[in-house]
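Reader: I would like to go through the labels used for this structure and see what each one rests on. Please set each value against its cut-off.

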Amino acid sequence: MAATAASGLQLASARPCIASSHRVFKAGAASLAVNSKAVSWNKLASACHLSQSLEPFRRSFASSSVNFNKVVTKAMSESSENKPVSGLPIDLKGKRAFIAGVADDNGYGWAIAKSLAAAGAEILVGTWVPALNIFETSLRRGKFDESRLLPNGSLMEITKVYPLDAVFDNPDDVPEDIKTNKRYAGSANWTVKEVAESVKQDFGSIDILVHSLANGPEVSKPLLETSRNGYLAALSASSYSYVSLLKHFIPLMNPGGSSISLTYIASERIIPGYGGGMSSAKAALESDTRVLAFEAGRKHKIRVNTISAGPLRSRAAKAIGFIDTMIEYSIANAPLQKELSADEVGNAAAFLASPLASAITGAVIYVDNGLNAMGVGVDSPIFKDLNIPGEKH
């Protein structure tokens, strides 16, 4: 049952799982400097790169650079001076969120947790069981303090971290080799049903559920070379895990609550290299989002949406091996020529979780600098005489 990083392009963890602790993690203030960066990018060869193999990408790169400014979290939290806020601030004070799939401080799951915290929500998170010790130790030792800094100068607090492996719905589903695996030693009650029961016992209810996990053990294989087991594993970990989470957590969710997952444009476009059934898993996730929106909305008054995020240099994404290529391609071809920030996805999630999005459900929200709207790769030599507007290189 060993797993490798699956989505590679927008996943927040190497596997759909979560981690546990009874501590509230706090630390002293830390300063965070956000500077403009120069992002190197390479020109790609094809007029429609999304339907070509990766090798032509790599063979035809020509270096250049694009300047961008990283966008910081804008969701508001109450400042120490209690200053009035103008406009329409996102206010989640009094709300509680459970974010499934936070294993470090550089993925979308972490960014979503941070934006929700900045808006005032209480944060419950988790990491895949084998990553539990490293994650908790890093929190305790302050290794994430810089990343925890909120707009008001305080640090994001994680009230509790639960162990969760979302591949397993209940203890009866867990095979013997996992039960006896030393990486799971010392952790208990980490199946989806058990975690939901633990959260109910500890807190009674939640308002926001975030699914930020996926895994495709054969993600580097073309679909024609993917085994049945690999394909089904990708769907189990990356799409059915969301159905299971919502099924078990929805009895805990207060009416008017919000559930959010993360998808990727490979669900509807060809992304060579994103294989092993992961594109199918993302397509299933988006289809399930619409059905779940209807069922959860009618029965429980819960909104269900998914964010189609662009490529991010997360640790999980780097395991695929061509994340830098996809980021360069996005910068070259998206309407907004900048590298996507995890905070931008976090802010979109905070909006979807807030009353400002009270009429939005069953939607796929693209947060990818507009790359989803493109039909061709405009950096192709084919378009060199069209005088297409863009950054000066």
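Reader: What makes the approach of the Asp368 side chain to the backbone nitrogen of Asn372 a polar contact?
Author: The side chain of Asp368 comes to 3.0 Å from that nitrogen. A polar contact is a pair of N or O atoms within 3.5 Å, where within protein one must be able to donate a hydrogen and the other to accept it, and residues adjacent in sequence count only if both atoms are side-chain atoms. The model is a predicted one, in which local features need pLDDT of at least 70, side-chain atom pairs count only at pLDDT 80 or more, and totals for chains, interfaces and linings use all residues. Residues are numbered from 1 along each chain as its sequence is written, and side-chain values use heavy atoms, with hydrogens and water left out.

Reader: How do you know that Asp368 has no salt bridge?
Author: A salt bridge is a side-chain nitrogen of Lys or Arg within 4 Å of a carboxyl oxygen of Asp or Glu. For Asp368 the nearest side chain of opposite charge is Arg269, 9.2 Å away. Here Lys and Arg count as positive and Asp and Glu as negative, while His and the chain ends are not counted.

Reader: Why is the pair Arg313 and Glu339 called a salt bridge?
Author: The N to O distance between their side chains is 2.5 Å, and the limit is 4 Å, so the pair qualifies. The pair links distant parts of the chain, with Arg313 in the loop between β9 and α8 (315-318) and Glu339 in the loop between α9 (323-333) and α10 (342-353), 26 residues apart. Asp324 joins these two in a network of salt bridges. By this rule the count comes to nine salt bridges.

Reader: Why is Glu339 called buried, but Arg313 partly exposed?
Author: Buried means under 20% relative accessible area, exposed over 50%, and partly exposed in between (1.4 Å probe, protein chains only). Glu339 has 14% relative accessibility, so it counts as buried. Arg313 has a relative accessible area of 25%, so it is partly exposed.

Reader: What makes Lys338 and Glu344 a salt bridge, and are they buried or exposed?
Author: Their closest N and O atoms are 2.7 Å apart. Lys338 counts as buried at 18% relative accessibility, and Glu344 counts as buried at 15%.

Reader: Why is strand β4 described as largely enclosed?
Author: Five of the five residues of β4 (residues 96-100) are buried, so the strand is largely enclosed by the rest of the structure. Both faces are covered, with Arg96, Phe98 and Ala100 buried on one side and Ala97 and Ile99 on the other. Strands are DSSP runs of E with at least two residues, helices are runs of H or I with at least four, and both are numbered from the N terminus.

Reader: How do you know that β4 pairs with β5 and β7?
Author: Two strands pair if DSSP finds at least two bridges between them. Five bridges join β4 to β5 (residues 122-127), running parallel, and four join β4 to β7 (residues 206-211), also parallel. Arg96 stands opposite Glu122 in β5, and Phe98 opposite Leu209 in β7.

Reader: Why is Ala296 called buried?
Author: Its relative accessible area is 3%, so Ala296 is buried. Ala296 lies in helix α7 (residues 278-300).
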